[in-house]
Amino acid sequence: GPTRSPQQPDAMPPPAPDRKRRPPMEQPEAGDGAPQQRQKKSSAAKKAKKGGATGSGSGGAWPAVKPKKDLQVNRLKGTQLLTVPDFLTSAEAKAFVDVAESMGFTHQGSLGPLKGEAYRDNDRISVTDPLLAQTLWESGINRIFMDINISGKAATGLNPNIRLYRYVEGQRFGRHIDESVHLGDGSRTQYTLLVYLSGKGSAKDSQALVGGETVFYDHRGGIVAEVAPVQGMALLHLHGARCMLHEARFVKKNVKYVLRSDVVFA
């Protein structure tokens, strides 16, 4: 879910909301927050000073991510919705969770549908880290986008604004759309990248996630896809003017962790 868009570097003004496209009672999200983002900035900034959570990087605390040679890309028929199993190994995903927990999350809420915002209840970290963005891009996302052009523009990398989300039992993010954001020099975000850092497991796994599916809807409100989080899997979908309405269903058991960025075209 945005007003200082989490998708965007701090120095940039927020994009003007596209009022024509707004579905009734839904909040477009410029990547992840809603207008409440402004109030959250000070606490996030304090946290950044304490733990080095924001700014130009995390001081090398991120886990190493090895390039993946033979990523399988599943394209959902008739949509620009892609899933990529094993984008991160279980060890890499768990290491991101450990780093995020050591940095500390900030709660993200919203004013709710009656105020024109999507219902939102989760915890979040936002960092600006061009090196991490480049590492994730070059670990295999770049090859997925080699043949994808939008209005004559090619994918050039990931938004250096990386967000980490945590949903505990009972938390969810209501139906919303992800806004496209200008990053300057004619570059613009066009796809949302989600990487699930936790997910469903075997029946014996006491940490296995139950619930927390990412659900996509068509313009009539019919379900197009239900994506159950699997640890290490990436999900990519178009955002901006062609973004499908989607939601993160509530977590029934254990904790859902997600890494979020955006694919930039120029």
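Is Ser151 buried or exposed? Ser151 is exposed, with a relative accessible area of 75%. Keep in mind that this is a predicted model. Ser151 is found in the loop between strand 6, residues 149-150, and strand 7, residues 153-158. Its phi is near 50°, a positive value in a residue other than glycine. As background, most residues other than glycine have a negative phi.

Asn254 also has a positive phi, near 70°, and is likewise not a glycine. Where is Asn254 found? Asn254 is in the loop between strand 17, residues 251-253, and strand 18, residues 256-265. Asn254 is buried, because its relative accessible area is 15% and the cut-off for buried is under 20%.

Now to helix 2. Helix 2 runs over residues 90-103, which makes 14 residues, and from first C-alpha to last it reaches 20 Å, close to the 20 Å expected at 1.5 Å a residue. Which residues of helix 2 are buried? They are Glu92, Ala93, Phe96, Val97, Val99, Ala100 and Met103. These residues cover an arc of only 165° around the axis, so they lie on the same side of helix 2. The general point is that an α-helix has 3.6 residues a turn, so residues three or four places apart point the same way. On the other side of helix 2, Ala91 and Ser102 are exposed. After helix 2 comes Gly104, with a positive phi near 95°.

Next, the aromatic rings. How many aromatic pairs does the structure hold? It holds six. In one of them, the ring centres of Phe105 and Tyr257 are 6.3 Å apart and the planes are at 45°, so the pair is tilted. Phe105 lies in the loop between helix 2 and strand 4, residues 106-108, while Tyr257 lies in strand 18, so the pair ties together parts that are 152 residues apart in sequence. Phe105 and Tyr257 are both buried.

Trp137 and Phe145 form another tilted pair, at 6.2 Å centre to centre with 35° between the planes. Trp137 is buried at a relative accessible area of 9%, and Phe145 is buried at 3%. Trp137 and Phe145 belong to one aromatic cluster with Tyr191 and Phe265.

Last, charges over rings. The charged end of Arg120 sits over the ring of Tyr165, 5.5 Å from its centre. Lys256 lies over the face of Tyr167, at 4.7 Å from the ring centre. That is where I stop.

Conventions
Residues numbered from 1 in each chain as written. Predicted model: local features only at pLDDT ≥ 70, side-chain atom pairs only at ≥ 80, totals over all residues. Heavy atoms only, no water. Helix = DSSP H or I, 4+ residues; strand = E, 2+ residues; numbered from the N terminus. Expected span 1.5 Å × (residues − 1). Buried < 20%, exposed > 50% of the residue type's maximum accessible area, 1.4 Å probe, protein only. Arc of directions from axis to C-beta. Phe/Tyr/Trp six-rings, centres within 6.5 Å; stacked < 30°, edge-to-face > 60°. Lys NZ or Arg CZ within 6 Å of the ring centre and 35° of its normal.
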